[in-house]
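Subject: Structure for you to look at

Hi there,

Here is the structure I promised to pass on. Please open it alongside these notes.

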Amino acid sequence: METPSRRLSSGMHAEMRYASAGGWQLVVDGTPQSHVDPERPQLLVYEYVQQIGHVIDALEPGPISAVHLGAGALTLPRYVDATRPGSRQQVIELEPALVELVREVAPLPRGASVRLRYGDAREQLARLPKGLVGAADLVVVDVFSGSQTPAHVTTVEFHALVRELLAPTGVVAVNIADDRQLAFAKRQLAALLEVHAEAAALADPGMLKGRRFGNVVAIAGAALPDLDAIGRALRRDPLPGKVVAGDELRRFLGGALPARDADATPSPAPSRGIFG
């Protein structure tokens, strides 16, 4: 089977590879980015996407307003559309060619209220409709350039801009990729705690103990969804996870300083062959 692909404006190469379990895997310059099955929009395969799915499930019932920074394979917008009909969503993505590739292979559901916008995630925040300010129930930050998250979408200043979008009970969910030292994750969690009243980390215990390169999902807001419900859902995952919040989160951070525009760095690059 031919593998659909596109050359991105960055010079990176994006492919949609058929997945043995069904659906498609989006791969950019050799780094797996997303899995999507348009016939099964509620199927979440990647560990961190499952964790964000649990956060979505814990929000108040009914349609939501959501903003997704980073398109990937549009997996989570499809999930929201399937599980919360009537939701209104905005997706910001730097690479139009990536979205074209995804939609060619896995079109969005007919009738889905998903608006696509193109440009840098941080710059485009100011260009979102004014009606979204203070009205977003969910903001997902999943921004990557190849295998790394750019520094400018990890800082106190960036998260202060995101906070302006959130409704009083809204939540931001951030996908953080890090190495075993977890210094990058801790600095971003510290930034979220400086900006928001509450924050928590979701991950499998091995990741939190620094045993491997992987992902931590951070959530934050003026008030968080039911963490007990999220914790129960995490424990049922194929790779069981846990919630770290409150005093346990502060002990985990160990005095890490929040990332700021003046000193932020991109996420660590995974070692060669980690995805092979």
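First, some ground rules. This is a predicted model, so to speak of local features I needed pLDDT of at least 70, and side-chain atom pairs count only at pLDDT 80 or more, while totals for chains, interfaces and linings use all residues. Residues are numbered from 1 along each chain as its sequence is written, and side-chain values use heavy atoms, with hydrogens and water left out.

**Helix packing**

Helices (H or I, at least four residues) and strands (E, at least two) are DSSP runs, numbered from the N terminus. Axes are lines fitted to C-alpha atoms, for helices over the stretch in contact, and angles run from 0 to 180 degrees between N-to-C directions.

Helix 1 (residues 47–58) and helix 2 (residues 75–83) have axes that come within 11 Å and cross at roughly 30 degrees. That makes helix 1 roughly parallel to helix 2 (angles under 35 degrees count as roughly parallel, over 145 as roughly antiparallel, 65 to 115 as roughly perpendicular and the rest as oblique). The crossing of helix 1 with helix 2 is right-handed; a crossing is right-handed if the near helix is turned clockwise from the far one by less than a right angle, and left-handed if anticlockwise. On the helix 1 side, Val 49, Ile 52, Gly 53, Ile 56 and Asp 57 meet Thr 75, Leu 76, Tyr 79 and Val 80 of helix 2, contact meaning heavy atoms within 4.5 Å. This contact has 6 nonpolar, 2 polar and 1 charged residues (Ala, Val, Leu, Ile, Met, Phe, Trp, Tyr, Cys and Pro count as nonpolar, Asp, Glu, Lys and Arg as charged, and the others, Gly among them, as polar).

Helix 1 also packs against helix 8 (residues 227–235): their axes come within 9 Å and cross at roughly 145 degrees. Here Gln 51, His 54, Val 55 and Ala 58 of helix 1 touch Ile 230, Ala 233 and Leu 234 of helix 8. By class that is 5 nonpolar, 2 polar and no charged residues.

For helix 5 (residues 156–163) and helix 6 (residues 183–195), the axes come within 9 Å and cross at roughly 50 degrees. That makes helix 5 oblique to helix 6, and their crossing is right-handed.

On a 1 Å grid over the protein atoms alone, a cavity is a set of points where a 1.4 Å probe fits but cannot get out, and a pocket is an open set with protein on both sides within 12 Å along at least five of seven lines; lining residues have an atom within 4 Å of a point. Grid points are joined across faces, edges and corners, and a volume is the space filled by probe spheres set on the points.

The largest pocket holds about 860 Å³. Its lining has 43 residues, and Thr 31, Pro 32, Gln 33, Phe 144 and Gly 146 lie nearest the centre. Strand 4 gives the largest share of that lining, 4 residues.

Happy looking!
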